[in-house]
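Hello,

Here is the structure for you to look over. My notes follow below it.

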Amino acid sequence: MALLSVRDLRTYFVADEGTTRAVDGATFDLYAGKTLGIVGETGCGKSVTARSILRIVERPGRIVSGEILLQRDGGYIDLAKLDPDGREIRRVRGGEIGLVFQEPMTSFSPVHTVGDQVIEAIQLHRRLDKARARARAIELFRMVGISRPEGRLDEYSWQLSGGLRQRAMIAMALAAEPRLLIADEPTTALDVTTQAQILELLRDLQRKTHMAIMLITHDLGVIAEMADDVVVMYLGRVVEHGPVDQIFHAPKHPYTQALLRSIPGIQHEARVKLPTISGSIPHPFARPAGCPFHPRCALVMACAAAPDGVCCDHHEPELITVEEGHSVSCHLYRKKGAAVPLALESAR
Ligand code: SF4
């Protein structure tokens, strides 16, 4: 049973200049004790997906349709239907679902000690007096590997190093023992050594608490290290979804393939220029018709060349299953269950 099921979620930003479909039909599941990596370039909708789950999408953005089903008491509660300012979602936010951002500096108030803020987060979700909440905060700081936790609690966020701030942020996110932790680019602002330590910390915490983690990043190296399953997003759409091994060793979508070719690997010799994805991400108000990736896709099929008249610049592909647990949104695989791209098969 999934801990969280996102079903055909659509979050749009409607402005006078036009509508941005920031999340456009996202569907995926998260399971206890597992990590789901969400990857894609800037503006692909991964952070808006997280903000939609927590119902903290800024105006003029709003969820226009879809379901966000959080498992509770043997059933599900649909977060998409909750009042974003209501009591119920506040119970979920920071309670059942914890959140870690890229830059903890903006999440901590500079005029209060980190301890006061962590204690406040604890008291928001647990009925503990100040002394017990402080003891719990010390325990949490210790759990996330902060040495001298008693002293650190009385410091301000600007007195801490980047790595310590991120650890304190994780401690605050764990205050209410969430079942799901959403980590949005948690290591992007950190140096490589600290990044590795924070990822190890998250893995360790997951082993101890069995919480689910939704890890949002543009960094495929982080995904490879951390994720059990991967969702690849492009222009608000889920273009590929599957187990991490299949995504890395047998990627199906041309966008996933291009992303993987663009990261340094052992097959690339030093000083060899890595291939980049041709073209640029379209302006949000000028979303291409048909497959949103078609202006940049090396395998784009024009109508005349398409084997059955379904072509990339006219028809938007559906997400179809190519193997168990592995789905892709691309006309090349349109024949149900085709492991061989349709275009290649018809050319045989
Ligand atoms: Fe490329 Fe067409 Fe597949 Fe889109 S549907 S990724 S344009 S082959």
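Buried means under 20% relative accessible area, exposed over 50%, and partly exposed in between, with a 1.4 Å probe and protein chains only. By that cut-off F293 is buried, at 2% relative accessible area.

The model is predicted, so local features need pLDDT of at least 70 and side-chain atom pairs pLDDT 80 or more, while totals for chains, interfaces and linings use all residues. Residues are numbered from 1 along each chain as its sequence is written, and side-chain values use heavy atoms, without hydrogens and water.

Aromatics. Rings of Phe, Tyr and Trp (its six-membered ring) pair if their centres lie within 6.5 Å; planes under 30 degrees apart are stacked, over 60 edge-to-face, the rest tilted. The count is 4 aromatic pairs. Y234 and Y255 make a tilted one, 4.7 Å centre to centre with 55° between the planes. Y234 is buried at 1%, and Y255 at 0%. Y255 also pairs edge-to-face with F293, at 5.2 Å and 65°. Together, Y234, Y255 and F293 form one aromatic cluster.

Ligand. Around the ligand are H253, P254, C291, H294, C297, L299, C312, C330, H331 and L332 (near means a heavy atom within 4 Å). This shell has 7 nonpolar residues, 3 polar and no charged. Here Ala, Val, Leu, Ile, Met, Phe, Trp, Tyr, Cys and Pro count as nonpolar, Asp, Glu, Lys and Arg as charged, and the others, Gly among them, as polar.

Cysteines. C291 is buried at 10%, and C330 at 9%. The structure holds 0 disulfides (cysteine sulfur atoms within 2.5 Å).

Best wishes
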